[in-house]
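Here's a quick tour of a few spots worth a look. Load the model up and follow along.

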Amino acid sequence: MFSLKGKVAVVTGAASGIGLATAKRFVVAGANVVMADIADATALAKEVGGLFIKTDVTSEGQVKALMDETARKYGRIDIVINNAGGGDGEGPNFIQYLPAKDFESSYRLNAMSVVFGIKHSVDHMVNGGSIVSTASLAGVQGAPTYGPYVASKSAVVGITRTAALELAARNIRVNCVCPGTVDTPMAYTDGGGAELKIAKLMMPLGRLCKAEEVAALFHFLCADDCSFISGQAICIDGGMTAGLSMGLVLPLLENL
Ligand SMILES: NC(=O)c1ccc[n+]([C@@H]2O[C@H](COP(=O)([O-])OP(=O)(O)OC[C@H]3O[C@@H](n4cnc5c(N)ncnc54)[C@H](O)[C@@H]3O)[C@@H](O)[C@H]2O)c1
């Protein structure tokens, strides 16, 4: 059950956080894992039992080379995890004050990377493959001052749904995951202060998501057991999209 034995998986953003946890989990589940990242993860890949291929996911040529090289080495691709991404640009601000280039660079990093990952892997995929991308809760909800990130992660959801329809005839399933704040280096870019406290308060489960918990969702979505889920944006958010957390509501009630 949920074995990935013999499957060939490409994971981008695999040098850290969610991607690294996913690469580790997939190796344990029996997959041949290609770990792609803009940062050097040669030693890390050796430790994990994967193969590192240096890739900047904003470059179409480099993503094509990643997929071609993986297929040349292993004969095919079964699983693609388009995970590399993050915040980009000058930092949080209202849409009215943000430069257009922040929207463009975020779109390139978070959305075009997914387009490239799908576009250049499908010809190498056997029927029955699985493509899963990392969107975000910011892909299904607004987030004030994070316009470029929200816009680019919302695009990931749309690209996922469209690719799922286009590739259904080949039984290639396409999904994306939408995590709330995950305890990875990315979450500490503001120093781990006020924003993280608010994130914890907003999570009904009262804590941040762990990278390993997102990896477990990727694993579920990529296993053959999960053969009828496609075109979905699956939230992994400790209950955040269910409604307001008690952590937020109780202090408000007490001050009424
Ligand atoms: N941490 C969170 O709170 C959170 C929440 C929702 C979604 N996400 C998404 O999860 C994904 C993984 O982030 P994480 O939390 O593991 O962060 P992380 O910073 O731990 O890891 C991100 C990895 O992506 C790599 N990367 C960045 N730009 C790249 C590029 N151009 N080409 C190739 N690799 C690149 C980095 O080198 C790094 O190894 C991202 O898409 C992020 O937007 C994160």
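## Leu-208

Leu-208 is buried, at a relative accessible area of 7% (buried is under 20% relative accessible area, exposed over 50%, and partly exposed in between, using a 1.4 Å probe and protein chains only). You'll find Leu-208 in the loop between α6 (194-202) and α7 (211-222); helices here are DSSP runs of H or I with at least four residues, strands are runs of E with at least two, and numbering starts from the N terminus. This is a predicted model, so local features need pLDDT of at least 70 and side-chain atom pairs count only at pLDDT 80 or more, while totals for chains, interfaces and linings use all residues. Residues are numbered from 1 along each chain as its sequence is written, and side-chain values use heavy atoms, with hydrogens and water left out.

Who does Leu-208 touch? Setting aside neighbours within four places in sequence, its contacts are Thr-181, Asp-183, Tyr-188, Leu-196, Ala-199 and Lys-200, where contact means heavy atoms within 4.5 Å. Pro-179 is 29 residues from Leu-208 along the chain, and their C-alpha atoms are 9.9 Å apart.

## Around the ligand

The ligand has 29 residues around it, and those that come nearest are Ser-16, Asp-37, Tyr-149, Val-182 and Thr-184. To count as near, a residue needs one of its heavy atoms within 4 Å of the molecule or strand in question. By class, the shell splits into 13 nonpolar, 13 polar and three charged residues. The bookkeeping is simple: Ala, Val, Leu, Ile, Met, Phe, Trp, Tyr, Cys and Pro are nonpolar, Asp, Glu, Lys and Arg are charged, and the others, Gly among them, are polar. Helices α1 (17-28) and α5 (147-167) each bring at least two residues to this shell.

Now for the polar contacts, meaning pairs of N or O atoms within 3.5 Å (within protein, one must be able to donate a hydrogen and the other to accept it, and residues adjacent in sequence count only if both atoms are side-chain atoms). A backbone N or O atom of Ile-18 sits 2.8 Å from a ligand oxygen. On ligand nitrogen, a polar side-chain atom of Asp-56 lies at 2.9 Å, and a backbone N or O atom of Thr-55 lies at 3.4 Å. Taken alone, the ligand exposes 830 Å², and the protein buries 89% of that; these areas come from the Shrake-Rupley method with a 1.4 Å probe, and for residues only the protein chains shown count as cover.

Thr-55 belongs to the loop between β3 (51-54) and α3 (60-74). Is Thr-55 buried or exposed? Thr-55 counts as buried because its relative accessible area is 2%. A polar atom of the Thr-55 side chain lies 3.0 Å from the backbone oxygen of Ile-53. Not counting residues up to four places away in sequence, Thr-55 touches Ala-36, Asp-37, Ile-38, Gln-62, Val-63 and Leu-66.

Ala-15 is in the loop between β1 and α1 and is buried too, with a relative accessible area of 18%. Beyond four places in sequence, Ala-15 touches Leu-20, Asp-37, Ala-39, Ala-41 and Leu-44. From Ala-15 to Ala-43 it's 28 residues in sequence and 10.0 Å in space, C-alpha to C-alpha.

## A lysine in α5

Lys-153 lies in helix α5 and counts as buried, at 3% relative accessibility. Leaving out residues up to four places away in sequence, Lys-153 touches Asn-110, Thr-134, Ala-135, Ser-136, Ala-138 and Gly-139.

## Aromatic pairs and positive phi

A search of the whole structure turns up two aromatic pairs. One of them is Phe-2 with Phe-220, tilted, with 5.9 Å centre to centre and 40 degrees between the planes. Rings of Phe, Tyr and Trp (its six-membered ring) pair if their centres lie within 6.5 Å; planes under 30 degrees apart are stacked, over 60 edge-to-face, and the rest tilted. This pair links distant parts of the chain, with Phe-2 in the segment before β1 (8-12) and Phe-220 in helix α7, 218 residues apart. Phe-2 is partly exposed at 32% relative accessible area, and Phe-220 is partly exposed at 34%.

Most residues other than glycine have a negative phi. Phe-2 has a positive phi, near 60 degrees. Asn-171 also has a positive phi near 60 degrees; Asn-171 is in the loop between α5 and β6 (173-179) and is partly exposed, at 45% relative accessibility.
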